[in-house]
Amino acid sequence: MLTSKASASAEQHLGPATNFGERPLTLAAWPTPQRHLKPDHAIEAEITRQLAAMSLAEKVAQIIQADIASITPEEAKKYKIGAILNGGNSAPHGRFDASAKEWLTLVDSFWDETDETSIPIIFGTDAVHGHSNIAGATIFPHNINLGAARDIDLAKAIGVATAKEIAVTGMDWTFSPTVAVAKDLRWGRTYEAFSCDPSLVCSLGAAMIIGLQGEPDTKDFLGPDKVACAAKHFLGDGATQDGRDQGETNCSESELITQHAAPYIAAIEAGATAIMASFSSWGGQGMHGRHDMLTALLKKHWQFDGLVAGDWNGHGQLPGAAPSHAPQALAAGLDMYMAPDSWRALLASTLEVVAADAGLEARLDDAVLRMLRFKARLGLSKKGRPAARPLAGRFDLLGCPEHRELARRAVRQSAVLLKNENQILPLAPSQHMLVCGRGADELDLACGGWTLSWQGGGDVKGLFPGSQTLLEGLQAKISSSGGQVTFDPAGQWNDKPDVAVVVLGEEPYAEFRGDCDTLAYRPGDPSDYQLIERLAAAGIPVVTVLYSGRPLWMNPALNKSAAFIAAFLPGTQAGALADLLVEGQTDFQGRLPFPWPAFSDHFDLCAASPSRAPLFSLGFGLSLSDQVAWQPVHEQSDAKRHDPLTIFDRGIPQGDWTATLSDAAGSTSIRKPNLTGGTASHAGHVNLRAADFGQQENAWAIQWTDEACLSFIGPPLNLSREANADYALYLTAVTKEPEVIGVALLPQHHLDQPLAKFMTLLGSTAQQNHSFVIPLKRFAELGLDMNHVCQLVLQGREKSGLLLVKAYFAPMVAGSA
């Protein structure tokens, strides 16, 4: 039992040691893995010896993982930190375009600070669709594509290739694969899941693990060209309420067993050496703190002897915990804290708690043994310095022809043909083809999130030599066959083409930004639909190719297009789609890994619904020889363009946000300023008018003559997870007086607290290209209740002014694993 005050406090939050959640488990109902990794007696003897020689401080340091943006190699050596990671937005010198050589040098620098007699440090990364943080690597299609391909050998081969490219940069561990069974397409991580079908997730997840790590109990297992995996996120992260990441999984225990647990049993049988705990909760208790899940089920009932790793400061979200203090997670069964920026304080607080509690120290010993076993299985001591390993520095393997061809195979096998009216496909190479759309010649839409950076996006085309966009693929196919390709993103032409290929897509995203309220494609922005309609009205057959991280409601495009292809997120070899579109020997093989929505609010797609069937069912996909007559579908969507994390944009408050001018004389509500003279507060201390910033009336010019406020008020937002994930308040603005303009976020119940308590000066924030960036953690440090943020206040004083273009919340310099 826990005996210290700190531990007693943890126990109070966690509940009885037999059940750290509100819903008890019936362990007898849970099936068990049929095989496990065989214990290595030599390893067990060695790690027992290592544990006995460690001080308490060394033990605590061994179970902490810090991010490269928040720790130096010298600090890692000083504190004997056990693990390092690069978060989704961390890179050498903060540069996403850093070379592979710079990455290897960085990994070496942490190893070199380890004493020869010390336990080696381990380096983890998010290689979720190839070695995706590294410029020049092979960016494979995402897991949703592999679910569409339904090819176990393909998934395994991609795991093999990814492991080799990781080994080139000297890293040891990837936080993948995601084996979530995604049930709500609104979830921003849907594309990281293979499918909503548990059996498909089981087979593909296990294949990926074997590809990354090698076949268990063979000489190939965790050899020089292999890396450790982390099956994630345990348990139920794909079924959270409303598809909100890190939310509550609302399902019965039987559903957990039949739908969500099976992929982890398959992962253990495939030799998974690590499993990552989920941010999500079940029964009202976060998985990082569920003793019954992490210990009773995973470690005892399933006899998993590997590492149970935490996610990005996930331990800090437990009741009564913080990123810097969470003994609850250790007590529940977590073996490694992922404490990217909180590692210093967490190290100190955990050491203090464990020193006062013999029972918790025993749990710490078990966690350390599991970390040591994890490293020993990888053979880190024998492998030695990263740069000296067999594949390290073989930069020719990054994006090599063999891996690029494997990626092209995955692209071809995963594209799903949803419509082929009058069998317009395949296209004759002798035709005049107009290629247009925002995704035709850019890679960011094809690659999606977790590509160089956490949320993806940006101009990445030049950073991947050997890559091929769909436009480039079509040009290569057509140029030698007497045909003609005209490229115009907006779909303009001089000579009328025979056919148009329109390439559309979602803007890249990961969790948080990717969580959505509707399945409608680009709600509020009909421009892509208008492009297709204009081409079709001119008598030009349209072949639409969609890049997306999930099935989307696109009925208007489906009706107007002669052919429609769901390509999902094909990666840097998107040009391989041309092999399917143009006459040749390749046919469509892809089958939907998720049902396709018939309605924009059809969120229960993955559950049987007697009232509303999907437009295309799970497993649907046409071949070129199929003759299916198209029946027009409805085009009514009630989806509104509403992003609650965007407060002000395009010259007006967004969504449910409203604006108010206030001074000592009172408040004035405003939606748009008066066209003549603008709008002033009651006493005239602040005046606001429409202004231009590159476009007409897309900004507000604010001028203060005395102390007054412009406030944006909206429904309460729970920004606690965003604060944890290093989101920031962004203001796109121009001012000459940043040192006197204050910015505050306010909670719903702020009336009894002074405004100044939550105020920070604009001049103290990072500024680049008219962008002021205020980390949400700064407001949390000021005591703001991040669970109920409902107001943004800009306060100025005499002779100060601001041109406000946009105000929104977005990721800053870090992301969750």
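What share of the contacts in the protein chain with a separation of 6 or more comes from residues 24 or more positions apart? Such residues account for 77% of those contacts, where contact means heavy atoms within 4.5 Å.

## Basis of the model

This is a predicted model, in which local features need pLDDT of at least 70 and side-chain atom pairs count only at pLDDT 80 or more, while totals for chains, interfaces and linings use all residues. Residues are numbered from 1 along each chain as its sequence is written, and side-chain values use heavy atoms, with hydrogens and water left out.

## The chain as a whole

The protein chain holds 22 helices and 31 strands; here helices (H or I, at least four residues) and strands (E, at least two) are DSSP runs, numbered from the N terminus. Along its principal axes, the C-alpha trace of the protein chain spans about 80 × 75 × 55 Å.

A compact globule of 817 residues would have a radius of gyration near 28 Å, and the 27 Å of the protein chain agrees with that value. The radius is taken over C-alpha atoms, and the globule rule is 2.2 Å times the number of residues to the power 0.38. Of the 817 residues, 62% are buried, a term that means under 20% relative accessible area, whereas exposed means over 50% and partly exposed lies in between (1.4 Å probe, protein chains only).

Helix α5, residues 100-112, has 13 residues and reaches 18 Å from its first C-alpha to its last, close to the 18 Å expected at 1.5 Å a residue; the expected span of a helix is 1.5 Å times one less than its number of residues. The buried residues of α5 are A100, W103, L104, L106, V107, D108, F110 and W111. What covers them includes helices α4 (73-79), α7 and α14 (380-383), together with strands β2 (83-86) and β3 (122-125). As background to such a list, an α-helix has 3.6 residues a turn, so residues three or four places apart point the same way.

Helix α8, residues 198-213, has 16 residues and reaches 22 Å from its first C-alpha to its last, close to the 22 Å expected at 1.5 Å a residue. This helix is mostly covered, with 14 of its 16 residues buried, and α8 is followed by G214, whose phi is positive, near 95°.

## How α7 meets α15

The axes of helix α7 (residues 152-168) and helix α15 (residues 401-414) come within 11 Å and cross at roughly 145°. Axes are lines fitted to C-alpha atoms, for helices over the stretch in contact, and angles run from 0 to 180 degrees between N-to-C directions. The crossing of α7 and α15 is left-handed, which is the term used if the near helix is turned anticlockwise from the far one by less than a right angle, with right-handed used if clockwise.

In this contact, D153, L154, A157, I158, A161, K164 and E165 of α7 meet H403, L406, R409, A410 and Q413 of α15. By class, the contact of α7 with α15 has six nonpolar, two polar and four charged residues, where Ala, Val, Leu, Ile, Met, Phe, Trp, Tyr, Cys and Pro count as nonpolar, Asp, Glu, Lys and Arg as charged, and the others, Gly among them, as polar.

## Backbone details

Two peptide bonds can be described together. The bond from S176 to P177 is cis, with omega near 5°, and P177 sits in the loop between β4 (173-174) and α8. A cis peptide bond also joins K232 and H233, with omega about -5°, and H233 belongs to strand β5 (residues 231-234).

N313, a residue other than glycine, has a positive phi near 55°; N313 lies in the loop between β9 (307-309) and α11 (327-332) and counts as buried because its relative accessibility is 1%. F512, likewise a residue other than glycine, has a positive phi near 75°. The place of F512 is the loop between β14 (499-505) and α18 (527-537), and at 2% relative accessibility F512 counts as buried.

## Two single residues

M554 is found in the loop between β15 (542-547) and α19 (555-560), and at 0% relative accessibility M554 counts as buried. Not counting residues up to four places away in sequence, M554 touches L504, Y521, Y529, L546 and F564.

G666, in strand β20 (residues 666-670), is partly exposed, with a relative accessible area of 22%. The C-alpha atoms of G666 and H682 are separated by 5.8 Å, although these residues are 16 residues apart along the chain. Not counting residues up to four places away in sequence, G666 touches L661 and H682.
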